[in-house]
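Please keep the sequence and the 3D view at hand while reading.

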Amino acid sequence: MLLKSLKILVLILPFNLFGSTVLEPGDSSEFDVNKMIMHHIKDAHEFHIMDINGHPISFPLPIILWTDNGLVTFLSSEFDHDDSGVKVVSRKNQQFVKYHEKIFYASEFNSGSYISYSQEGEVLNKKPFDFSITKMVFSMFISMLLLVLIFVLTAKSYSNSVKGIPTGLSKFTEPLILFIKDEVALPMIGKKNYKKYMPFLLTLFFFIWINNVMGLIPFFPFSANLSGNIAFTLVLATITFVITSLVANKDYWKHIFWMPGIPVPMKLFLAPIEFLGIFIKPISLMIRLFANISAGHIIILSLISLIFIFKTIWLAPASLFFSVFISLIEVLVVAIQAYIFTMLSALYIGSAIEEHEH
Amino acid sequence: MDLVTPDIGLIFWTTVSFVILYFILAKYAWKPILGAVNEREKSIKDALSAAEKAKEEMASLKSDNEKILNEAKLQREALLKEAREIKSKIISDAQNEATEKANKLIEAAKTAIDNEKSAAMKELKNTVVDLSLNIAEKLLSKELDNKDKQIKNIKDIIDKSKLN
């Protein structure tokens, strides 16, 4: 009875924490906090909404694979919620299994699944290139739609207003846009060049922010930990790196490889450090966003998990209180992280196009 | 380790999404929004400078006004002064004229009086002559009667006929 009410509580609570691993009444298996948290913050091929009586309700997403025999597509529901490499889907004379949210070519059936392991326990199955619309990609598409909707409507609200006075939606969005303009682009890049980079900075800021916020919203179709995924931050950091390197002027490269104004031995000493700095900057961008957002999710999930670790419902109030508290902090953190990412991107671009006078 | 291994699929979709999002938003959102914001900033700047200009114009107008007012004051004072001068001139002229006229009148009166006086004297002289003749006549007629009486008579007559 207690477990049943617990489960209801969990369903109402933020975060659809439990994949098919949710505790069944009378299930003796231990609740694996680590597994649950990892399951939440990692990508998935189906969008898990909730469990009803132990039966998972999920939103199926398309699986798109580039295999040895070409393109293969099917819906993730064909795996039947299986994530342990048991259910096999056959397409174009190939067999696919899903194991820990990754698609593999099925191997020989051994010890209960179509996954074969090496001596060290690593999966030996080959993997096709996976371009599936996963939970995170799906979430990203929603964020794109929202962004386009919000900002096209904002733009529209200006054409209806008198003398560009913000009306309607732009009352909310314009301060943010002006913030990026006045507090990020202008001081970091400078009055002369900032206009060229405004679209990039604005897109970057709002893209990160909306995905951060969507990750905090605990129910379908949100809650995907997209901006806490290293692939996502890798791409954004790489874009900043590419822009910085492409627009950089002679001075920038000169300051890296042959720092002016210091003795030659120092120049030789500094060059490799500065050269590494080119890459360390975007890497720090990537890791900062990834780690901050993932950590936020992990903390909230851990606090909720305390109930299951201590196996008492009496811990729920404290656990709830702390998770709400951290959630509120996270609301701030995700905005700050989006700001920091944008500001540092602007700073790197600004330093690359800066004109030195000496 | 799994957590920090980027998936090729997500990298691909993030890149595609971001690039698409960038171009859509740049064209349909950032351009009109930033355009409107810049335009508004420009119009605010223009309005402010116009206000500043109007202020300056007002100040110059004010100083002009003061100048005109001062001029008007000076003019008024000059006018008043002139009027006062004219007034006193008129008064003094009138006084002079009156005095002159009065003098003339007095002169005329004096002449008239003198004339009258001389006429009266003439008449008086004539009268005295007549009277003297009458007296002489009466004296002469009475002398014959009484010398004393005659003298007395003459004396009486002269006494009675007081000159003037």
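At what angle do helix α6 and helix α8 of chain A pack, and how far apart are their axes? In this predicted model, helix α6 of chain A, residues 230–247, packs against helix α8 of chain A, residues 264–310, at an angle of about 150°, and their axes lie 8 Å apart. Since angles over 145 degrees count as roughly antiparallel, α6(A) and α8(A) are therefore roughly antiparallel to each other. The crossing of α6(A) and α8(A) is right-handed. On the side of α6(A), the contact is made by Ile230(A), Thr233(A), Leu234(A), Ala237(A), Thr238(A), Thr240(A) and Phe241(A), while α8(A) contributes Pro282(A), Ile283(A), Leu285(A), Met286(A), Leu289(A) and Phe290(A). Of the residues in this contact of α6(A) with α8(A), ten are nonpolar and three are polar, and none is charged.

| Strand | Partner strand | Sense | Bridges |
|---|---|---|---|
| β3(A), residues 62–67 | β4(A), residues 70–75 | antiparallel | six |
| β3(A) | β8(A), residues 129–130 | antiparallel | two |
| β6(A), residues 94–99 | β7(A) | antiparallel | four |

Towards β8(A), the bridge partner of Leu65(A) is Asp130(A).

The pairing of β6(A) with β7(A) can be read together with the sheet to which these strands belong. This is an open sheet of three strands in chain A, arranged in the order β5-β6-β7 with antiparallel pairing. Its edge strands are β5(A), residues 89–91, and β7(A), residues 102–105, each of which pairs on one side only. From one strand to the next, the twist of the sheet averages 35°. Within the sheet, Phe96(A) stands opposite Tyr105(A) in β7(A).

Chain B remains to be described. Its secondary structure comes to two helices and zero strands. The radius of gyration of chain B is 63 Å, well over the 15 Å that the globule rule gives for 164 residues, so chain B is more spread out than a compact globule. Along its principal axes, the C-alpha trace of chain B spans about 195 × 25 × 20 Å.

Conventions: Residues numbered from 1 in each chain as written. Chains lettered and ligands numbered in written order. Predicted model: local features only at pLDDT ≥ 70, side-chain atom pairs only at ≥ 80, totals over all residues. Axes fitted to C-alpha atoms, helices over the stretch in contact; angles between N-to-C directions. Parallel < 35°, antiparallel > 145°, perpendicular 65-115°, else oblique. Left-handed = near helix turned anticlockwise from the far one by under 90°. Contact = placed C-beta atoms within 7 Å. Nonpolar A, V, L, I, M, F, W, Y, C, P; charged D, E, K, R; others polar. Pairing = 2+ DSSP bridges. Rg over C-alpha atoms; globule rule 2.2 N^0.38 Å.
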